[in-house]
Amino acid sequence: MPGPNAALGPYEYASAQIWKRYRKICRIASAIGPDTADVEVHDLRIHCKKLRYLMEFFASLFPQAAFKSLLKPLKILQDNLGMINDYAVQQINLQQFLRKVGNWPDGVDLEVAQSVGALTAALHAQQAEERAKTVKSFAAFNSPQIQQTFRVLFRAQKEKQ
């Protein structure tokens with residue numbers, strides 16, 4: 001039996017999928033703030049990856065100049081989200097390391113704990129800076145111009161029907 005999208009051509013199918021994924025990213029990203037859990041930020045990163053892969057797969061179906069204007073801010077947003085995730089993972093790994101440290105002689109535990117604490121604090125500060133950059137990256141990705149380009153490329157056909 002044919003699937004529900006079997007009658008759609010590749011352009012219509014790609015447009016619908018890209019539009020759906022884009023709207024989902026905008027919904028998720030608009031809810032993210034400075035106190036949002038790292039796992040939620042990572043979830044946004046995964047959705048951005050899915051959108052980018054989807055767009056790159058179907059890129060040949062769309063006008064290249066407009067299409068590239070969408071990929072650039074998406075890539076920047078992905079890079080920022082990736083850095084946030086990297087800082088979070090490094091902090092978790094340092095905490096796990098500290099828990100595994102045995103009883104070392106003559107204050108070595110204290111020195112290790114202080115070093116790990118200082119490194120964790122530095123990573124946390126870098127992560128906070130990256131979150132601020134991400135807010136700007138999302139603003140660029142969600143700008144009126146980008147929204148309009150997404151709408152024209154991926155939504156306009158459906159709205160005409």
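Ala88 sits in helix H3, which covers residues 64–100; helices here are DSSP runs of H or I with at least four residues, strands are runs of E with at least two, and both are numbered from the N terminus. This is a predicted model, in which local features need pLDDT of at least 70, side-chain atom pairs count only at pLDDT 80 or more, and totals for chains, interfaces and linings use all residues. Residues are numbered from 1 along each chain as its sequence is written, and side-chain values use heavy atoms, with hydrogens and water left out.

**Around Ala88**
- Ala88 counts as buried because its relative accessibility is 6%; buried means under 20% relative accessible area, exposed over 50%, and partly exposed in between, with a 1.4 Å probe and protein chains only.
- Leaving aside residues up to four places away in sequence, Ala88 touches Asp38 and Gln127, where a contact means heavy atoms within 4.5 Å.
- Ile32 is 56 residues from Ala88 along the chain, and their C-alpha atoms are separated by 16 Å.

**The whole fold**
- The protein has five helices and zero strands, giving the pattern α-α-α-α-α along the sequence.
- Its radius of gyration is 21 Å, well over the 15 Å that the globule rule gives for 161 residues, so the protein is more spread out than a compact globule. The radius is taken over C-alpha atoms, and the rule is 2.2 Å times the number of residues to the power 0.38.
- Along the principal axes, the C-alpha atoms fill a box of roughly 75 × 40 × 25 Å.

**Burial and contacts**
- Of the 161 residues in the protein, 34% are buried.
- Among contacts with a separation of 6 or more, 75% come from residues 24 or more positions apart.
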